[in-house]
Amino acid sequence: MSRRLLPSGETAVLVECDDLDEVLALHDALVADRRPGVIELVPAARTVLVGVDPDVLPLESAITWIRRVPPASPAAAAPADADAATIPVVYDGDDLAATAHLLGISTEALVAAHRAAAWRVAFAGFAPGFGYLVCDDWPYMVPRLDAPRTRVPAGSVALAGAFAGVYPRQSPGGWRLIGRTDAVLWDAQADPPALLTPGRRVRFEVAA
Amino acid sequence: MSRLVVEQPGALALVEDLGRAGFAHLGVSRSGALDRGAAKLANRLVGNPDGHAVLEVLVGGFRARFEDAETWFAVAGGWGPVALDGRPVAPYAAARARAGSVLDLGAAERGIRYVLAVRGGIDEPTVLGSRSRDTLAALGPEPVTPGRVLAIGAEPAASVPLIDQDAAFPPASGAVTLALLPGPRADWFTDASRRALFDTPWRVSERADRVGVRLVGAPLTRRVEGELASEATVPGSIQVAGDGQPTILLADGPVTGGYPVIAIVTPAALDAVAQVRPGQEVRFRHA
């Protein structure tokens, strides 16, 4: 595993990995071995940002920790399915048929694949509680809409690139909508406030 | 318990404290007062802990009435005419308002964001441990509208201190020089552009808010083409869009960005960015 450390200010360092799998592995390892003074662990597509409180953990010490952190045990890296988030979906999204057509499969096949996939939250972004979901076995690359919608309803279940996602609240967006859910993706009063936290397993099922 | 009734919020009045660090992995920015130094100073002037919530008032045109009880307050950050019941009040100093007194913040002459601290702090409900309004994510207390009644918290333990106000300086009115640290993607830019960042003047554009301040100048050119996979940024990151113009990301900036970050404004210099105005000249130096 190669880890390239890039400067990111007085209190953070950006760790660049070769690919998303390494990001997930590094994130797991850092979470499993988390040190006091680590304020932020922010995974993204190719990087993990480590932010510190330098009064507790000087940045130099954090860099040593990142270089030496042992890989997380398989048990820690793959939390029990009991912890998985299950999201009930009504598969009636405005783009469902067109997206299946783009991929050259039937609507039923797309829904079945989306339900069967063992998703995992790779990272969050775009809006509070918006998780980018990945799955090793997901074969589809879904192009974004040419013209993003100005208003995507909260709970919209969507695809873009190699990712699946759910819009936590109404917002603009360019992902293709395949369904909707009543699941609460974001509740600022809850702990944790987001349903989809980095590393968490996710399953979609047909809403009753 | 005293209250502050905002009669006119001016251009934009927001409740802010020192923000909510630690939630970036859930897509939540730090947010908080843009001029953190001013927020801490104003709080200290009235004996508050540094992290009490203050009002961040953009430009001025703000009027509020103190109700129910005598209240200490202090204004820091932006520098301009401050008046209590029509009489001038010294900036960067604690003053006492009687119940019924009216506070006016006129158009700022230097800087662009006043910070108003009241003894006891603005007592709005917290979201993720903070009373800060995040304008991008729409988290925290709603922007203040005319007639809004803001509760003021309990008296802090510390008394109103005697502080040498000469220790505080108003924001610069001319060119502002900001110290920069290297950015994670500096090597995506040509050597000439990396030099030009420091050697050429920049101007603050009209596109300046709590999310970021876009600068205008000779375009920076890239050595590495192609798209950058989105990655986490920190406040102060200078990202360069496809047109070569840099934007300094601030407290409400997105958690991740897809434009390469060429350099990062130091935390100390970031307070000065909170006070720059459209049209003002910005220069960079190595930290």
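Reply: Happy to. A quick convention to begin with: two residues are in contact if their C-beta atoms, placed from the backbone, lie within 7 Å. Please also keep in mind that this is a predicted model.

With that in hand, the contact draws on 31 residues of chain A and 26 residues of chain B. On the chain A side, four strands each supply at least two residues: E1, E2, E3 (38-43) and E4 (47-52). Of the elements on that side, E3(A) gives the most, with 5 residues. Sorted by class, the side of chain A that touches chain B has 21 nonpolar, 7 polar and 3 charged residues.

E1 (residues 4-7) and E2 (residues 12-16) of chain A pair in the antiparallel sense over 4 bridges. One pair to find on your display is A:Leu5 with its bridge partner in E2(A), A:Val15. The hairpin of E1(A) and E2(A) has 4 residues between the strands, and there A:Gly9 takes a positive phi near 95 degrees.

Now step back to chain A as a whole. Chain A has 5 helices and 13 strands, and its C-alpha atoms fill a box of roughly 50 × 35 × 30 Å along the principal axes. Buried residues account for 42% of chain A. Of the contacts in chain A between residues at least 6 apart in sequence, 57% join residues at least 24 apart.

Helix H5 (residues 107-116) of chain A shows how burial works out along one element. Its buried residues are A:Leu110, A:Val111 and A:His114. These three lie on the same side of H5(A), because they cover an arc of only 95 degrees around the axis. On the other side of H5(A), A:Glu108, A:Ala109 and A:Ala116 are exposed. The cover over the buried residues includes helix H4 (96-103) and strands E10 (163-166), E12 (176-180) and E13 (201-206) of chain A.

Across the contact, chain B has an open sheet of 5 strands in the order E2-E3-E10-E5-E8, with antiparallel pairing. Its edge strands, E2 (12-16) and E8 (94-97) of chain B, each pair on one side only. From one strand to the next, the twist averages 30 degrees. Within this sheet, E5 (residues 71-79) and E10 (residues 110-118) of chain B pair over 6 bridges, and B:Trp79 has B:Arg110 as its bridge partner in E10(B).

Two loop residues of chain B deserve a glance at their backbone. Most residues other than glycine have a negative phi. B:Asp68, in the loop between E4 (62-67) and E5 of chain B, has a positive phi near 80 degrees. B:Tyr92, in the loop between E7 (87-88) and E8 of chain B, has a positive phi of about 60 degrees. B:Asp68 counts as partly exposed because it has 13 C-beta neighbours inside 10 Å, whereas B:Tyr92 is buried, with 21 other C-beta atoms within 10 Å.

How values were computed. Residues are numbered from 1 along each chain as its sequence is written. Chains are lettered from A and ligands numbered from 1 in the order in which they are written. This is a predicted model: local features need pLDDT of at least 70, side-chain atom pairs count only at pLDDT 80 or more; totals for chains, interfaces and linings use all residues. Two strands pair if DSSP finds at least two bridges between them. Axes are lines fitted to C-alpha atoms, for helices over the stretch in contact, and angles run from 0 to 180 degrees between N-to-C directions. A residue is buried if 20 or more other C-beta atoms lie within 10 Å of its own, exposed if 12 or fewer, and partly exposed in between; C-beta atoms are placed from the backbone. Ala, Val, Leu, Ile, Met, Phe, Trp, Tyr, Cys and Pro count as nonpolar, Asp, Glu, Lys and Arg as charged, and the others, Gly among them, as polar. The arc is that of the directions from the helix axis to the C-beta atoms.
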